[in-house]
Amino acid sequence: MAAPVTSAARAEGSEAALKAALADVPELARLLEIDPYLKPYAVDFQRRYKQFSQILNSIGENEGGIDKFSRGYESFGVHRCADGGLYCKEWAPGAEGVFLTGDFNDWNPFSYPYKKLDYGKWELYIPPKQNKSVLVPHGSKLKVVITSKSGEILYRISPWAKYVVREADNVNYDWIHWDPEHLYKFKHSRPKKPRSLRIYESHVGISSHEGKVASYKHFTCNVLPRIKDLGYNCIQLMAVMEHAYYASFGYQITSFFAASSRYGTPEELKELVDTAHSMDIIVLLDVVHSHASKNSADGLNMFDGTDSCYFHSGPRGTHDLWDSRLFAYSSWEVLRFLLSNIRWWLEEYRFDGFRFDGVTSMLYHHHGIGQGFSGDYSEYFGLQVDEDALTYLMLANHLAHTLYPDSITIAESNAQLCALQLSQRRWFDYRLPMLLKEFKDEDWNMGNIVYTLTNRRYLEKCIAYAESHDQALVGDKTLAFWLMDAEMYTNMSVLTPFTPVIDRGIQLHKMIRLITHGLGGEGYLNFMGNEFGHPEWLDFPRKGNNESYHYARRQFHLTDDDLLRYKFLNNFDRDMNRLEERFGWLSAPQAYVSEKHEGNKIIAFERAGLLFIFNFHPSRSYTDYRVGTAFYTFKIVLDSDAAEYGGHQRLDHSTDFFSEAFEHNGRPCSLLVYIPSRVALIFQNVDPPN
């Protein structure tokens, strides 16, 4: 009988395992020094890093490196050769035969067969015409024809198609060969990575007040100047990757390399990005690699006649809630496809980074369905984690940050991603958590507000938002609509007196956004139109609303009307962003909260040399209210009660405020200030001591 293992032996084994992990994993020592509670998971970090390193090394040995591997779009799909011929290549491991058809051969399905290569690849070379012109001209329609092992003849769009359109009343999209004589030439260099990230989350299609799908051109000419004026330095573009179903908000991707044609051409999207760059605005793409549409006629699903190919076969390959397909991240060709997709958008369109959608779904076999995240580290390790997906995300971040060190990646996830992090270069720059869903007066608690906005791990950068696109969707309401509801239709004119509902709504709208901006993270996000309190909700045309575009638009003209109160919220949002640009609180260390008084409804904190004070009390103002601080002489630099913001002008901005060496709430000094009800104030320290 073997002798029992002693606790000393177990400890010795644990120490040896920790030592081995530290030797294998770069920067693990730094991570464990920052957070010693991760020590029990050192072996998990070691295993994950080894898997990442092995795949990266294998790509180097078999493909000539990740640089070459991520250029799949240069050979796969259909390409014009220097001699005027066409080179075509596809990956269809389950196919019995592959053919190219289209306008160029009068849709004969079998006249241009591909040659079968190893590893499920197929290629075809089509020589030019006798006069050296191309056989497949720009703008002509194409299809890949697949003969399956069961004898079916399937017409498919190449997964690498660069442009697809849906004409007239057609149900499915058509693949259009995009090879224009004159490609767009970029005129402006990429802006430098901003120290603070102020994101304007945008959807091109809804950017007009008219009841129609707006265009890239419209966004470039009409919306970009507004974004610049508002002080945002980053645009996050949604619904750009082609999606057959408009009402999916761009999250059911059918063609991963095609910019959505419903807004215009690829060259017009390039012009949009280039124009933003000329304004020193960076542009992020909302990239969806967490799942794909179930469409087969114009999507990736069943491309080669099997349910696998790009996806897991069987139940593992389907997301039950989203009714979509799930990628097989361990597949070599799936990695090539997805990593090439990352590079394509960075290089062809010059996007500056990505917001990765559905990261929680990717990271867990349970996809986050019916799961809550308490923050316990055991939730981020173990069999529930899909380490193939984790490795793909590491490779994607490694690629983006290697190609463009200033590129920005954001993970949309509720999971504490820093617990999974090995290195900034191989992981996300920011996390986008779900913060303040909605506010109800009776539930407000100052401590809970502060906790919600500050509950993030040390050194894990978060993008804070009071509301994103999710809050605008049908079935929910924008923040302004939660606060003011139906009175927004009748009482937003400056020619009528404030009603209690409108007054409350306008004051709280400003306060909620500023406290989120100042306290909630290391970046800030706003969904287009919500900066001025866009009324109603967002609903795309669909059968359930008789295909109406009435709610699929943004009514920017409301803030341009000087007789409406929307201008006040727009002004406040603009000046809040411009003030952040001056002082950089988003890039400063996390705020020091000196007060969260439940009875008085007061929150006070210091960040970036500024003193923020919020009075959420609906009726009580305070004279000579003592607030703790580390600073000395102050001036008001932002006052939500100012006239230009629809406030009641209860404060004198010419007054200097002086603190005294009187300790209060853990701060060495304090000052006495008048704090009106429902007001947010920012004070600048104007005369620091020697």
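Two strands are taken to pair if DSSP finds at least two bridges between them. On this basis, the predicted model contains an open sheet of six strands, arranged in the order β22-β23-β24-β29-β26-β27 and paired in antiparallel fashion. Strands β22 (592-597) and β27 (657-658) stand at the edges of the sheet, and because each has a single partner strand, one side of each is left without a neighbour in the sheet. The partner of β22 in this order is β23, a strand spanning residues 602-607, and the two run antiparallel and are joined by five bridges. Within this pairing, E595 has A604 of β23 as its bridge partner.

Elsewhere in the chain, a nonpolar patch on the surface is formed by W107, F110, I153 and Y155, which together present about 380 Å² of accessible area. One of these residues, Y155, is found in strand β7, which covers residues 153-156. Y155 has a relative accessibility of 35% and therefore counts as partly exposed, since that class lies between the limits of 20% and 50% relative accessible area.

S261, located in the loop between β13 (255-259) and α6 (266-278), counts as buried because its relative accessibility is 15%. When neighbours within four places in sequence are left aside, S261 is in contact with Y163, V164, V165, Y173 and E242.

The C-alpha atom of E460 is separated by 9.5 Å from that of F428, a residue 32 residues apart from E460 along the chain. Y465, in turn, lies in the loop between β20 (463-464) and α11 (469-472), and its relative accessibility of 3% likewise places Y465 among the residues that count as buried. For Y465 and G523, which are 58 residues apart along the chain, the separation of the C-alpha atoms is 8.6 Å.

Technical notes: Residues numbered from 1 in each chain as written. Predicted model: local features only at pLDDT ≥ 70, side-chain atom pairs only at ≥ 80, totals over all residues. Heavy atoms only, no water. Helix = DSSP H or I, 4+ residues; strand = E, 2+ residues; numbered from the N terminus. Patch = residues over 30% accessible without salt bridge, like charges linked within 9 Å, V, L, I, M, F, W, Y side chains within 5 Å. Areas by Shrake-Rupley, 256 points an atom, 1.4 Å probe, with all protein chains shown as cover. Salt bridge = Lys/Arg side-chain N within 4 Å of Asp/Glu carboxyl O. Buried < 20%, exposed > 50% of the residue type's maximum accessible area, 1.4 Å probe, protein only. Contact = heavy atoms within 4.5 Å.
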